[in-house]
Each structure stands twice: as C-alpha cells, then as structure tokens.
Amino acid sequence: MPVQKHSGDKNSVKSGLSDPLVEHIYTADPSAHVFNGRLYIYPSHDVESGIPQNDNGDHFDMRDYHILSMDEVGGEVTDHGVALSVKDIPWAGRQLWAPDAAYKDGTYYLYFPLKDKNDVFHIGAATSDKPEGPFVPEAEPIEGSYSMDPAVFKDDDGAYYMYFGGIWGGQLQRYEGGSYNAEDVYPADNAPAVKPRIAKMAADMLSYAETPKEIELLDKEGNPILQGDNDRRFFEAAWMHKYKGKYYLSYSTGDTHKIVYATGDNPYGPFTYQGVILQPVIGWTNHHSIAEFKGKWYLFYHDSSLSDGQTHLRSVKMTELTYNPDGSIVTIDPYLGQK
Ligand code: FUB
C-alpha cells in the first residue's frame, strides 16, 4: 500500500497552493468525506490511454479506482490500492469517471459513472463494509440513472440525495425533452441552460426514490441562467454542501474552467448564482468537492501540473476554503492565493 507524505500548502509557481496529494499515480475528480474521523478521498484514476483528445472525452479512458485517505491535513496519504475495476462490473463498456461515496447503516456505497456496452453513460453503485473498499458492484446500473458525475449528499434529517449530470462528453444534453435522444442537441444560447439533476435515494441506497428532477439555476434577479452564459451555466461536476443552514450547489463551468456556486433553501433548489470558488487550473477540466475536517473547511480539486499540463493526467490537491461573515465563499486562485 503506497503511502506518501503530503507536504501541505505550497507556494511554488507551478504547484500553487498545494502539491499533489500523491505523485505515484495520477488522480482526479476528488470527492472527499470524513468517515470514522479519517479523511477519505474518492478520485478518478487517470491513465495514459493513448486515445487522442476529443470533445467526447474519449481520452479519459480510466479503468479502476484507488481510494486515498489521511489522518490529518499535511500528514501521510495512504493509497489503498484498487477498490473497483472496470473488468469486474457486469454492465461495463468503458470509462470510469468521477465517483462519489456515502455511508449508511454499516455499509459504504461507491457511486460511479460508466458507459455501458452501447456507449451510453449511467451511474452504478457498489458496496463494501470498509470505506476504502474493495467494493462489489451491482449487476446493473441504478435504474433511471443517466449522464455522469454523481455526488451524494446526506441532509441533516438523514435523507440522501444524488446530484449528477454533465454536458458534452457527459451526455446530459441527450435528455433534453425528458427522454434519451442519441443526438447531441443543446438549447439555444438565449434559452435556459441544460440543468443538473437531483434524485432522492431510496432506503436501500442502490436505487432512486423518485424520477430525477431538473434543478433550477437562477441569477440574482430570478432569471434562469442561459445556455450562452458560459461563465455561469452548469457544465459538470456538481457538489452539494450545507453551511449554516444554507444549501450550496457548486459545479464546473466546463469550457470557461471555473468552479462556481449557487445557494438555496432546500436540497432541490432553486439555487441562486453567487460567484466563483476556484479560478481555472492547469489542464482543461476543473472538478472539486468541499468537506469539513477537524473544524476547518477544505476545497479538494485537481490540476495537471505534475504532467506538465496534459489534460487527462491530473493530480488531486486540497486547500483551505474560507467564508465571509455573510456566508459568501472567498474566491481561490490556485496559483496566487486567496483574494
Ligand atoms: O474525469 C473525467 C471527467 O472529467 C469527469 O467526470 C469530469 O467532471 C471531468 O473532470
């Protein structure tokens, strides 16, 4: 089990606020959770696939997951080895993308996006009695699931919700109008943007308790964020956290490369756009999670600094996240510091 010492916050031009948490493998799309007082990170495991880059993301041909954990920030980071492999998933086609995890009643759940044998993304579930796995996958994807980038949030009342979706290679645009359409059709630039989705999890945590719903994203005047508003519209990588009773939906704007956030009063929204959490990182994608650990809030993200900018070879990083007294989040420039 490789163990690496994370040197903590840094300020070199290339590493910016953080060194990669591990350097013996490439990792991306970090979903962080605290289980049993230990910080666990559920990342994608980037590999050199040799597939040329395209807008479908074919070059992101990941084949397994490794879970990372640590006792303290700046301490040793443990790579727990292969937790789930594409070859063990009965419905697998290709491409294990950004996962997430949850815990309920003695079982840990790993949720993962994967293309089926027809090259259509769905979201799968796998279970383990340990947070680091190994995980045993279900025979079929979650019924009614589609697209990618699941993020599972536990509310204070014990209910769990899955946020998901991503446009372009994530295929969410194929569900505009309510049913699957193999053609990639996007709303006009002056129409409401493609919306992220939410579904309440059933008690078994392996199925949805409801048909996934669209999430409204509004500007401060109450108007829908439009498809042509590339600086604010949803692209992929939704994450939900709650701070002082408010629900914070954060996500990546994709081709404008930011992590932004919107706030609301309940898990379903609507959510009102507030601002930028993380400015663009080295590499094309920007993907994050937010978690509280030992009394401080942290942003988990990735960049391609270790691979000299190769889009599909990323490394997970973390840095402290701070709130202003009014609950707004202080924007992080990953290479310059907070401002
Ligand atoms: O890692 C593959 C994809 O890249 C993720 O699913 C997206 O969020 C982006 O980070």
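Analyst: Happy to. One term first: two residues are in contact here when they have heavy atoms within 4.5 Å of each other. Please also keep in mind that this is a predicted model.

Let's start with methionine 162. Met162 belongs to the largest nonpolar core, a group of 40 residues. Together with Tyr111 and Tyr163, Met162 is among the residues with the most contacts inside that core. The strand that gives the most to this core is S11, residues 160-164, which supplies five residues. There is also a second, separate core of 19 residues, and Phe35, Leu84, Trp91 and Leu110 are included in it.

Now for the ligand. Which residues surround the ligand? They are Asp29, Met62, Trp97, Ala98, Met148, Asp149, Glu236, Thr285, His287, His302 and Arg314. For aspartate 29, a polar side-chain atom is 2.5 Å from an oxygen atom of the ligand. For aspartate 149, the corresponding separation from a ligand oxygen atom is 2.6 Å. Arginine 314 has a side-chain N or O atom 2.7 Å from an oxygen atom of the ligand. How much of the ligand does the protein bury? On its own the ligand exposes 280 Å², and the protein buries 99% of that.

You will find aspartate 149 in the loop between S9 and strand S10 (151-154). Its phi is near 55 degrees, a positive value in a residue that is not glycine. Is aspartate 149 buried or exposed? With a relative accessible area of 4%, aspartate 149 counts as buried, because the cut-off for buried is under 20%.

Strands S7, S8 and S9 take us to a sheet. Four strands form an open sheet, in the order S6-S7-S8-S9, with antiparallel pairing. The edges are held by strand S6 (100-104) and strand S9 (136-137); each has a single partner strand, so one side of each has no neighbour in the sheet. Strand S8, residues 121-128, pairs with S9 in the antiparallel sense over two bridges. Alanine 126 has proline 137 of S9 as its bridge partner. In the loop between S8 and S9 you can find proline 134. The peptide bond from glycine 133 to proline 134 is cis, with omega near 5 degrees.

Next comes a strand in enclosed surroundings. Strand S15 covers residues 236-243, and seven of its eight residues are buried, so the strand is largely enclosed by the rest of the structure. S15 and S16 run antiparallel and are joined by six bridges. Within this pair, tyrosine 243 stands opposite lysine 246 in S16. The hairpin of S15 and S16 has two residues between the strands, and lysine 244 takes a positive phi near 50 degrees there.

Leaving out neighbours within four places in sequence, histidine 257 is in contact with Gln279, Pro280, Val281, Trp284 and Asn286. Further on, proline 270 lies in the loop between S17 and strand S18 (271-278). The peptide bond from glycine 269 to proline 270 is cis, with omega near 10 degrees.

Let's finish with a buried loop residue, aspartate 58. Aspartate 58 lies between strand S3 (38-46) and strand S4 (64-70), and is buried, with a relative accessible area of 14%. Its side chain is joined to that of asparagine 54 by a polar contact of 2.9 Å. Setting aside neighbours within four places in sequence, aspartate 58 is in contact with Ile51, Arg94, Gln95 and Lys115.

Definitions and conventions:
Residues numbered from 1 in each chain as written. Predicted model: local features only at pLDDT ≥ 70, side-chain atom pairs only at ≥ 80, totals over all residues. Heavy atoms only, no water. Core = buried A, V, L, I, M, F, W, Y, C linked by side-chain atoms within 4.5 Å. Buried < 20%, exposed > 50% of the residue type's maximum accessible area, 1.4 Å probe, protein only. Near = heavy atom within 4 Å. Polar contact = N/O pair within 3.5 Å; in protein donor to acceptor, adjacent residues only side chain to side chain. Areas by Shrake-Rupley, 256 points an atom, 1.4 Å probe, with all protein chains shown as cover. Pairing = 2+ DSSP bridges.
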